[in-house]
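Please open the model in your viewer and keep the sequence panel beside it.

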Amino acid sequence: MKYILELSKQNPDMSRFEATEHLGVTTPQIHENFLIIDINSSEELLIKDLAYTHNAYLVLFECSEDKMEKEIVKHDWQKHYKKNF
């Protein structure tokens, strides 16, 4: 599963090192203080142990900007929440 980790800006190198080493990620994508990783389901539980990670977001789907509206409508949102906001 793909996740976006929001890393601490206080020590970016330490944040990246902690996340990649703890989760065993060898090829992360890095954009400012965000780390995009692909991990298996057994490693998901390890995310909560990261001290230098503020938030973790599950990537629900990916698409190009011109196809976004079509993909949003097509996505099964009920899979991710039970009650309406």
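Select Glu 6 first: Glu 6 stands opposite Phe 34 in strand E3. Strands here are DSSP runs of at least two E residues, and helices are runs of at least four H or I residues, numbered from the N terminus. The model is predicted, so that local features need pLDDT of at least 70 and side-chain atom pairs pLDDT 80 or more, while totals for chains, interfaces and linings use all residues. Residues are numbered from 1 along each chain as its sequence is written, and side-chain values use heavy atoms, leaving out hydrogens and water.

Ile 30 has Leu 35 in E3 as its bridge partner. Between E2 and E3 the hairpin has two residues, and Glu 32 takes a positive phi near 55°.

Now display the side chains of the largest nonpolar core, which has eleven residues: Tyr 3, Leu 5, Leu 7, Ala 19, Leu 23, Val 25, Leu 35, Ile 37, Ile 39, Ile 47 and Leu 50. Such a core is a set of buried Ala, Val, Leu, Ile, Met, Phe, Trp, Tyr and Cys residues joined through side-chain atoms within 4.5 Å. E1, H1 and E3 (34-38) each supply at least two residues of this core, and E1 gives the most, with three. Centre on Ile 37: beyond its neighbours within four places in sequence, its contacts (heavy atoms within 4.5 Å) are Met 1, Lys 2, Tyr 3, Leu 5, Leu 23, Val 25 and Pro 28.

Move to Ser 8, in the loop between E1 (2-7) and helix H1 (12-23). Is Ser 8 buried or exposed? Ser 8 counts as buried because its relative accessibility is 7%, where buried means under 20%, exposed over 50% and partly exposed in between (1.4 Å probe, protein chains only). Leaving aside neighbours within four places in sequence, Ser 8 is in contact with Ser 15, Tyr 52 and His 54. The C-alpha atoms of Ser 8 and Tyr 52 are 5.3 Å apart, although 44 residues separate them in sequence.

Finally, select Phe 61, in the loop between strand E4 (53-58) and helix H2 (68-74), and Trp 77, in the segment after H2. Phe 61 is partly exposed at 26% relative accessibility, as is Trp 77 at 31%.

Terms used: Pairing = 2+ DSSP bridges.
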